[in-house]
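Subject: Structure handover

Hello,

Here is the structure I promised to pass on. Please have it open while you read my notes below.

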Amino acid sequence: MDDAEDWGTEEGEEAQAAEGIVLQRLREQFAEALVDVKLWRNESSAILRRQDLVRACRFLRDDPDLAFDFLSDVTGVDRLMLPESSPRFEVVYHVYSIQHGRRLRLKVRVDEGEAVPTVTEVWPTANWHEREVYDMFGVPFAGHPDLRRILMPDDWEGHPLRKDYPVEASPKWWEEEPA
Amino acid sequence: MTTPTRTMTLNMGPQHPSTHGVLRLVLELDGEVVLGCTPHIGYLHTGIEKGLESKRYQQGIPLTDRMDYLAPLSNNLAYVLAIEKALGVVVPDRAQVIRVLLTELTRIKSHLVWLGTHALDIGAMSVFLYCFREREQILDMYEAVSGQRMMSTYFRVGGLAADLPPGFEDQVQAFLQVFPTRLQEYEDLLTHNPLWRQRTVGIGTIKREDAIALGLSGPGLRACGVAYDVRKAHPYSGYERYQFEIPLGKTGDVFDRYQVRMAEMRQSHRIAHQGLQKLSPGPINVADPKLVPPAKPLLKKSMEALIHHFKLYSEGFHVPAGEVYLPIEAPKGELGCYLVSDGGPRPYRVHFRPPSFVNLQSLSKMVEGRLVADVVAVIGSLDIVLGEIDR
């Protein structure tokens with residue numbers, strides 16, 4: 001596209017340098033836990049090993065140079081239709097540092113039935129987000145204080161945002177009135 | 001001899017008028033004191049994120065209108081900006097100015113509904129009527145630009161659906177001229193009103209650490225004194241070129257949230273005024289025929305234009321594989337759009353971080369230990385929209 005560079009230069013370079021610190025610190029502290037790091041469109045994502053997630057999150061929040069105190073969002077991705085689809089699910093965390101104005105994306109990958117440790121003790125706001133991921137993708141969160149469906153009815157079958165869940169045909173959960 | 005005490009479980013909603021839609025709260029009460037508050041949501045779940053996966057990028061925009069239906073253009077903006085970021089496209093200056101101008105008017109419009117209904121919940125009937133009088137003028141502007149008063153779907157990937165109609169600038173100018181006096185009218189009715197203050201001062205207080213930990217954003221967070229506003233922290237659409245302040249509160253109670261939003265309307269008015277001055281003639285779409293449909297008269301003259309038109313409407317455009325998270329400052333708080341593309345013409349996954357969803361999580365913290373009558377005041381001060389919470 002014509003203005004392709006606009007997202008990547010000037011102010012972007014500064015941001016990239018700043019985010020370098022974050023990834024650098026993560027590498028120092030959690031070299032073995034860091035599965036992969038990606039930079040795209042000035043956003044950095046780090047894929048973490050599942051068992052180290054909570055430890056890494058606590059570090060990111062408590063380290064004064066990083067101070068990721070604000071968890072913006074937690075969501076999931078079903079990678080079933082992507083070229084590389086195993087492990088199947090990805091839980092994505094967007095964290096933000098209000099003080100330093102930096103963003104970071106963390107991810108863990110799990111297969112069907114595997115639980116992700118909850119981060120509600122690090123960021124209480126994760127509570128509802130994790131319930132939503134559980135509801136929509138069927139990824140359980142180990143240690144979650146209140147793991148119930150949140151958007152769908154409690155007795156709903158299936159997890160709507162999975163790629164093998166049909167867009168149109170929903171299970172029928174109401175009763176027909178007798179003719 | 002002691003009398004055994006029992007607590008009462010009270011179901012509030014989902015059809016309660018002060019829950020602003022279909023929110024259901026299960027309250028655990030000891031007399032009039034709230035011991036526990038459990039929100040139940042999902043009554044308005046329409047599968048917007050699922051629906052977006054089966055639509056081409058451009059086709060998905062109308063669905064986003066329906067999340068926060070009081071601020072449809074803010075939702076449009078988050079979605080198109082995320083796609084533009086993934087594409088690596090920046091829209092022309094005129095389109096950016098129009099986007100800022102309209103989203104700031106949207107902020108005023110959304111805050112007006114908040115103020116009217118919040119006051120109505122607490123018992124100040126007349127404010128509601130005044131607020132809707134001014135909101136009507138903004139709805140007229142929506143109608144002028146897009147033909148739709150509510151679900152306008154005016155922004156497009158790569159620019160706008162159409163240029164501003166003739167006379168639009170005068171229409172905005174006329175509104176901006178009267179709005180400050182109107183705002184003063186609302187404040188005269190409320191700010192020093194002893195009844196209003198009794199219902200709001202010191203009610204639903206939340207500490208700044210709690211607010212951050214619970215992910216509160218927007219006016220709710222700023223009322224606790226945290227200066228986090230996406231427009232300043234990570235300017236988009238050229239917000240760095242506008243002069244405005246971030247109003248802050250101190251105590252984080254219902255009254256502070258009220259004052260922050262009132263001050264925000266003044267700032268939005270200021271930004272909209274600057275937007276009008278910055279408005280200069282120019283293109284409203286990026287000059288990329290693979291992204292933006294050609295002008296209709298061209299179709300009869302140019303073979304390429306016809307091919308591009310056909311390709312865009314039969315297949316759409318492709319977005320490079322990758323993922324982006326783009327937050328904007330919506331009237332309710334940080335509205336983030338997380339987009340995953342597999343390189344195809346449809347998004348692989350779209351997720352919205354709806355500010356109301358996250359803000360509602362703080363409700364329990366704000367009302368526990370307080371009186372049941374305060375619950376209504378606190379819900380109003382959170383300014384939630386269930387369409388966005390349930391998506």
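This is a predicted model: local features need pLDDT of at least 70, side-chain atom pairs count only at pLDDT 80 or more; totals for chains, interfaces and linings use all residues.

A:N42 lies in the loop between β1 (34–40) and β2 (43–48) of chain A. Helices (H or I, at least four residues) and strands (E, at least two) are DSSP runs, numbered from the N terminus. A:N42 is not a glycine, yet its phi is positive, about 65°. Is A:N42 buried, exposed or partly exposed? It counts as partly exposed because it has 18 C-beta neighbours inside 10 Å. The cut-offs are these: a residue is buried if 20 or more other C-beta atoms lie within 10 Å of its own, exposed if 12 or fewer, and partly exposed in between, with C-beta atoms placed from the backbone.

B:T153 has a positive phi of about 45°, and it is not a glycine either. B:T153 sits in the loop between α5 (125–146) and β4 (155–156) of chain B. With 19 C-beta neighbours inside 10 Å, B:T153 counts as partly exposed.

One more loop in chain A deserves a look. A:S86 and A:P87 are joined by a cis peptide bond, with omega about -5°. A:P87 is in the loop between β3 (70–78) and β4 (89–97) of chain A.

Residues are numbered from 1 along each chain as its sequence is written, while chains are lettered from A and ligands numbered from 1 in the order in which they are written. The model scores ipTM 0.88 and pTM 0.90. Chain B has a mean pLDDT (the predictor's confidence in each residue, from 0 to 100) of 90. In chain B, 99% of residues reach 70 or more.

**Chain A**

Chain A has three helices and seven strands. From the N terminus on, they run α-β-β-α-β-β-β-β-α-β. Chain A has 179 residues, and 37% of them are buried.

**The sheet in chain B**

β1, β2 and β3 of chain B form an open sheet of three strands, in the order β1-β2-β3, with antiparallel pairing. The edge strands are β1 (8–12) and β3 (33–40) of chain B, each pairing on one side only. The twist averages 20° from one strand to the next. β1(B) pairs with β2 (24–30) of chain B over five bridges, in the antiparallel sense. Two strands pair if DSSP finds at least two bridges between them. B:L10 stands opposite B:L27 in β2(B).

**The core**

The largest nonpolar core has 151 residues. Such a core is a set of buried Ala, Val, Leu, Ile, Met, Phe, Trp, Tyr and Cys residues joined through C-beta atoms within 7 Å. B:A82, B:I83 and B:V378 have the most contacts inside the largest core.

**Where the chains meet**

How many residues of chain B are in contact with chain A? There are 39, and they meet 33 residues of chain A. Contact means that the C-beta atoms of two residues, placed from the backbone, lie within 7 Å. The elements giving two or more residues to this side of chain B include α1 (48–53), α3 (72–87) and β7 (333–341) of chain B.

Best wishes

Definitions and conventions
Axes are lines fitted to C-alpha atoms, for helices over the stretch in contact, and angles run from 0 to 180 degrees between N-to-C directions.
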